[in-house]
Amino acid sequence: MIKYRLICKNCDLTFDSWFASSDEYEKLKKNKFLNCHQCNSKKIEKTLMAPGLINYSKIESSKKNPKQFYDLSKTIKEYQKFIKDNFEYVGKNFAYEARSIHYNEKKTNKGIYGTASNDEMKELRDEGVEVEIIPWLEDKNN
Ligand SMILES: [Zn+2]
């Protein structure tokens, strides 16, 4: 058995039909035994098979993810630029500098950014220091 998706050239109706073989389809068509369910026209043709459409949609969905990643990395890069322009880089002294600011031992108008370990971040939060972990993409131009 073989399934064909057929289209009526007269009214554009599409419908699925089963045939014993492709030869049977050709024979029925030649003898004009195929007719449209809707308008009874004999102008029936095969259309593209459904699996072609399924493959197409798979390609479409797999294309989406790199785009989403691209948008995300673009957002992170813009965020990084904002931070670089407005915050002071303190590198690995981040925990020390963050405490200095928090306990008002150091006056600064600028926020700071740098690197800290997970333990340091946890300790700072426990002490009530406002710290945020942000995703950071290494800039290869630096
Ligand atoms: Zn029709």
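1. Lys32 lies in the loop between helix H1 (22-30) and strand S3. In this predicted model, Lys32 takes a positive phi of about 60 degrees although it is not a glycine. Lys32 has 10 C-beta neighbours inside 10 Å and therefore counts as exposed. Asn40 is found in the loop between H1 and S3 as well. The phi of Asn40 is also positive, at about 70 degrees, and this residue is not a glycine either. Asn40 is exposed, since there are 10 other C-beta atoms within 10 Å, and a residue with 12 or fewer counts as exposed.

2. The overall architecture may be set out next. The protein has four helices and five strands, and along the sequence they follow the pattern β-β-α-β-α-β-α-β-α. Of its 142 residues, 6% count as buried. Among the contacts with a separation of 6 or more, 51% are between residues 24 or more positions apart.

3. Strands of a sheet pair through backbone hydrogen bonds, in either a parallel or an antiparallel manner.

4. The pairing of S1 with S2 can be followed residue by residue. Strand S1 (residues 2-8) is joined to S2 by six bridges, and the two run antiparallel. Lys3 stands opposite Trp18 in S2, while the bridge partner of Tyr4 in that strand is Ser17. The hairpin of S1 and S2 has five residues between the strands, and there Asp12 takes a positive phi near 70 degrees. As for burial, the number of buried residues among the six of S2 is zero, so this strand lies largely in the open.

5. Which residues does Thr47 contact, leaving aside its neighbours within four places in sequence? They are Arg5, Leu6, Ile7 and Thr14. Thr47 and Arg5 are 42 residues apart along the chain, and their C-alpha atoms are separated by 5.6 Å. Thr47 has 13 C-beta neighbours inside 10 Å and therefore counts as partly exposed.

6. Helix H3 (residues 94-102) contains buried residues, namely Phe94, Ala95, Glu97 and Ala98. Seen down the axis of H3, these buried residues fall within an arc of 165 degrees, so they line one face of the helix. Their cover includes strand S4 (87-91), strand S5 (111-114) and helix H4 (118-126). Just after H3, Asn104 takes a positive phi of about 60 degrees.

7. Is helix H4 well covered or hardly covered? H4 is hardly covered, as the count of buried residues among its nine residues is zero. Just after H4, Gly128 has a positive phi of about 90 degrees.

8. The average pLDDT of the protein is 79, and 77% of the residues score at least 70. Where is confidence lowest, and where highest? The lowest mean, 63, belongs to H2, and the highest, 90, to H1. Over residues 50-61, pLDDT stays under 50, and the model has one contact beyond four places in sequence for this stretch. Where pLDDT is low, predicted coordinates should not be read in detail.

Note on methods:
Residues are numbered from 1 along each chain as its sequence is written. This is a predicted model: local features need pLDDT of at least 70, side-chain atom pairs count only at pLDDT 80 or more; totals for chains, interfaces and linings use all residues. Two strands pair if DSSP finds at least two bridges between them. A residue is buried if 20 or more other C-beta atoms lie within 10 Å of its own, exposed if 12 or fewer, and partly exposed in between; C-beta atoms are placed from the backbone. Two residues are in contact if their C-beta atoms, placed from the backbone, lie within 7 Å. The arc is that of the directions from the helix axis to the C-beta atoms. pLDDT is the predictor's confidence in each residue, from 0 to 100.
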